[in-house]
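Student: I would like to go through the interfaces of this complex with you. Could we start once the structure is on the screen?

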Amino acid sequence: MKHVIIGAGPAGVVAAETLRRHNAKCSITLIGNEGKPPYSRMALPYLLIDRIAEPGTYLRQSPGHYDDLKIEYVQANVAAVDPDKKTITLDEGAPLAYDRLLLATGAHPIKPPIKGLDLPGVHTCWTLDDADEIGALAKSGAHVVLMGAGFIGSIILEALVLKGVTLSVVEMEDRMVPRMMDEVAGNMLKSWCTSKGVNILTGTKITEISQGDDGLNVTLDKGNIPAAQLVVVAAGVRSNIDFLKGSGVETKEGVMVDDHLQTNIEGIYAAGDVAQAKDLSTGDFNVLAIQPTAVEHGRIAAMNMGGLDTPHRGSLSMNVLDTLGLISSSFGQWMGEKGSDSATMVDKTNYRYLRLEFQGDCLIGAQSVGLSEHIGMLRGLIQSGTHLGNWKQILMTSPHRISEAYVSTLHKNAS
Amino acid sequence: MAWTRKILRVNLTEGTCVSEPLNMDWALKYLGQRGLGTKYLMEEIDPKVDPLSPDNKMIFATGPLTGTCASTAGRYSVITKGALTGAIACSNSGGYFGAELKFAGWDMIIFEGKSEKPVYLCIIDDKAELLSAEGLWGKSVWDTDAAIKATHQEPMMHIAAIGVAGEKGNMYACIVNDLHRAAGRSGVGAVMGSKNLKAVAVRGTGGVSVEDFGAFMKSTEAGKKALAENAVTGEGLPAYGTQVLMNVINESGALPTRNFRDVQFESANDISAEAMAEPRRSDGKPNLLTNQACFSCTIACGRISQIDKDHFSVVNKPEYWGAEGGLEYEAAWALGAATGVKDLEALTYANYICNEQGYDPISFGSTLAAAMDMYEEGVLTKKDTGGVELKFGSAEMLTKMADLTGTMEGFGEQLGLGSKRLCEKYGRPELSMTVKGQEFPAYDPRGIQGMGLTYATSNRGACHLRSYTVSSEILGIPEKTDPLSTDGKAGLVKAFQDATAAVDSAGLCIFTTFAWTLEDIAPQVDAACEGNWTPDTLMEAGERIWNMERNFNLAAGFSGKDDELPKRLMKDAAKTGPAKGMVSGLDKMLPEYYEVRGWNTKGVPTEETLSRLGV
Amino acid sequence: MQKTLVIDPGKCTGCKQCELACSYVKEGSFNPSKSRIRVFDFHTEGRFVPYTCTQCDEAWCQQACPVDAITTDPVSGVKQVHENLCVGCKVCTIACPFGTINYNVASGKVVKCDHCGGDPECVKACPTQAILYSDVEQAGYDKMQQWAGKTDNAAPANSA
Ligand SMILES: Cc1cc2nc3c(=O)[nH]c(=O)nc-3n(C[C@H](O)[C@H](O)[C@H](O)COP(=O)(O)OP(=O)(O)OC[C@H]3O[C@@H](n4cnc5c(N)ncnc54)[C@H](O)[C@@H]3O)c2cc1C
Ligand code: SF4
């Protein structure tokens, strides 16, 4: 059996390792196009602030890891897939045959149609090369404009501040992290960042960027900011599906997969940022561009590729964020859904917030600010669908007792 | 080390919280907690102040070992001029609060002045602030605990609070932390209430270090081993709690019954540890659910009880159906034998209410017993009691009075005066079984002679925890003395008083001394903190502390005349048991005591004694 | 033979000696808030429950880690955080459905129970033997594992 994996991010690497774990003999080829050992995008912010050097971003640390597992790691760009012939075409060299194919090509950052985004000094923060260029420009004292305060924007925000730049953040929505947390939390983050000297402009659009004498002039739809030495764009991502044009593999936002992470074409699977797969909370199919999902997809897709029938129940959306020391997280249906009960606790002065969403006596979503102890329990409760019984009532007025509720119900279930 | 070296000074009048360094010179002389806190109080207030006035101060003090892994090292004391006594008050409490205060980075909190409006102090590590408690005023300790944790979304917070009793000036109100641990005696809760301070909430995430970890781990480990291997601390207390004493003391003829009319209670067994552990006839379940330890304690004498849901005290009150803090010996005695009530469930309920509303069960039970005595004698009538028959032995009456005292309503307000004030008010002061205004605990001085001297000379008023000679006279620890003899008791009491002052100042629980002597304690203290701590220097610090406390009381207006016991104990002989026919031999012991203390015949420390101790 | 912490809440008195021992060994001071084991107090039930990582087979934390900072010891099965590699991204803390890997602000890294390299301090410190260190085939452990299975996104029956 010959397995080929396109894309050497977390989804691809975990898939390759899983295939090997369950089958010592099969052939596994992992293809990456970045000219680097498989690395982790998530680690880029930490590279930026010199907490780690480049090797610290690598997904696997032991030397010879892929060789030891007899995973063939190929550096090439895949140009097309031919399902009929069961081959893929590389930019250079002969086509490559496969029996099972995994699409794990990830996503790329979007550059919105705004004039000036292609000027030098305007960068996305997505690859090791991007990090190098941002690092060179984000000098202490420089004025930097960050476009977008979504989840990834907010992660980059912290790295930039730690580099000592003067930072302005421009977010078109009414709050920070609008797709991860509600108004209360988003505004808490904003006032926290503001108190740390970051200029946060929400409900504001960048309309044009042009080269001026002191740097880049960033024009806003309202208000002014000084010229910038660097503009970082974090305006969302899109799945890498262009190379699939004409292949017959069905795509929408990403590659459509079924509940075994298989595409419409037998033997071709998709995982990670490129896959439009089942969301555990809603049952809808969408792209959940986060690390834990990439890993989970990679593992489950590989099981199915290797012949172990493993349905995918759906992935849980979850994020954790550290904005200049303020830790926040969100899980599942954090915004609630029709008929759900919501319990909240807000302490604005101390930057603490917890909101729980229940359907019946099960937790379906949660978000928190300023809490970091045992937060994984929120995932545990949502994902396992644990019935909280009497605890639900207690949590409705005292959501902060969630970890007690968790341990209590866990032990009841276990004994 | 062991110290955070930081004191939090909270001026309630001004609404300020200020950090200041701990006076290390004093820490070297007075060790910590009881000793060091008293030293601060001594230096900062006029002993003549009205305890309930803004001029009184209130100090929460930890010991050097508090927050470490030494067994029982979770304690703190509240030091102030006592509302009940007007004497020095120092009430020691376990639970987790004291350790949490240390983890937040504070050795001590000094409260001064009086807040204009109800407030609570919220400490989250080095951040301390006074917050409005207007929404908490009128709430019980338990509700306050839950409400504060909810407000701060912090289930890990530890809270010391007063209930309605403290707010309304019950003279023996206590400060309850962790729901059922209390700085219980002398009315420290009334002082807190008079300052409009509802609670102190603490969350600490810092660590406590010690000076020499190697030596510390070795000595604390040896200490824990000694506790585990000792019959009292290793078996008796974890299994039965302090309640293990009920039958023992009764058989010794020293269980004060019905306001000390008798020295044995015919129903002692019904309210004993054994009864708590047996399945109830009503529902087949035992009253005792399990035992609980305080922070770092390897003994775990705390009781967790559950009342029979069908018991009259909790019918239709599901809030009392869960597990809560159960009966300790002193409480079981005061609520039971002292009042003649033998209904264990009723006692447990009354004890819940003491914790929930924050008042001392010993003083409450004793005061109620005195009131019953007056009722039976016709001094009090139904007109005074709001129609309740205050008869010895009535369980319904006990639970009703517990409720009323908790909220200071009806006759509860009278009971909240404490036995001395109540008996004086009705013209029968001799029926108040108190010394310096504080009610006796559960040992009859006629049956255990050393305890008579203990009560009479205790600096905070009648108390067993100032020199627990029961240990020697009944249990034979460290060596057996004859409970019915006054011989050598002066020296015994002094030795116990000094050693106890040292233990109370270290951050440890006095129960360790069933197994430990200062030989066991000194190496733990010495490895933990600054200073040269040997059994001798600890003993000397204890004696220094004792004399300092005595000086406080003398300056507050007490004299040797106040080292006395009520007439009943001096004149009315024990009717039954081993002590039958005996009265207290205090008159023989007291002069001898003054002498071994190095005090003059009026009970005043001589210049020589004070200079020897460097007071 | 793999060993695991077997916890009997029925024996726990809530003294927190385990938390003290753990924090002393791991952090160099007595500091329950930094302990890898935590005692939950269900006071109205009169129950104390020591709680820590079960070293689950799924190794959610390890899988989620983007930089290989968590590994499984091949002999003991213990999941270990390598401080030199951890970047402090906290993804493992939300990925672990048990909430037993936590972020330590002071170090900027995550911390979890690692059985102290085979001689757990909490076990030695517990005065009531509520925490034992024994072979994996203990009933309680298996049950907790089953529960862990419920949180797996792959359907349990088929996951190898
Ligand atoms: C700065 C930053 C911070 C982040 N922080 C977090 C976070 O804190 N938490 C979180 O959950 N997620 C975070 N993410 C998102 C997370 O990194 C992604 O969800 C994850 O990398 C997705 O993994 P993947 O394997 O699907 O895709 P990728 O990691 O993108 O890997 C796909 C690989 O395939 C390669 N490829 C693409 N097309 C081809 C082709 N045609 N031929 C060959 N190779 C190809 C790509 O170049 C890439 O190397 C962050 C992302 C960034 C950029
Ligand atoms: S916090 Fe550290 S150990 Fe956890 S996932 Fe991130 S890098 Fe890995």
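Student: How many salt bridges does the rule find across the interface of chain C and chain A?
Tutor: This is a predicted model, in which local features need pLDDT of at least 70, side-chain atom pairs count only at pLDDT 80 or more, and totals for chains, interfaces and linings use all residues. Residues are numbered from 1 along each chain as its sequence is written, chains are lettered from A and ligands numbered from 1 in the order in which they are written, and side-chain values use heavy atoms, with hydrogens and water left out. The rule finds one salt bridge between chain C and chain A, a salt bridge being a side-chain nitrogen of Lys or Arg within 4 Å of a carboxyl oxygen of Asp or Glu.

Student: Which residues form that salt bridge?
Tutor: C:Lys90 pairs with A:Asp322, and their closest N and O atoms are 2.8 Å apart.

Student: Which classes do the residues on that side of chain C fall into?
Tutor: The side of chain C that touches chain A has 25 nonpolar, ten polar and nine charged residues. Here Ala, Val, Leu, Ile, Met, Phe, Trp, Tyr, Cys and Pro count as nonpolar, Asp, Glu, Lys and Arg as charged, and the others, Gly among them, as polar.

Student: What area is buried between chain C and chain A?
Tutor: About 4,400 Å², with carbon and sulfur atoms giving 59%. Buried area is the accessible area (1.4 Å probe) that two parts lose on being put together, summed over both.

Student: And what is the figure for chain B and chain A?
Tutor: There the buried area is about 780 Å², of which 42% comes from carbon and sulfur atoms. B:Ala150, B:Gln153 and B:Pro155 supply 66% of what chain B buries against chain A, more than any other three residues.

Student: Which side chains meet in a salt bridge there?
Tutor: Those of A:Arg352 and B:Glu154, at 3.4 Å from N to O. The count between chain B and chain A is one salt bridge.

Student: Changing topic, what surrounds ligand 2?
Tutor: Its surroundings include C:Cys65, C:Cys86, C:Cys89, C:Cys92 and C:Lys90, where a residue is near if one of its heavy atoms lies within 4 Å. C:Lys90 is also the partner of A:Asp322 in the salt bridge.

Student: What does chain C average in pLDDT?
Tutor: Chain C averages 88, and 84% of the residues score at least 70; pLDDT is the predictor's confidence in each residue, from 0 to 100. The model as a whole scores ipTM 0.93 and pTM 0.92.
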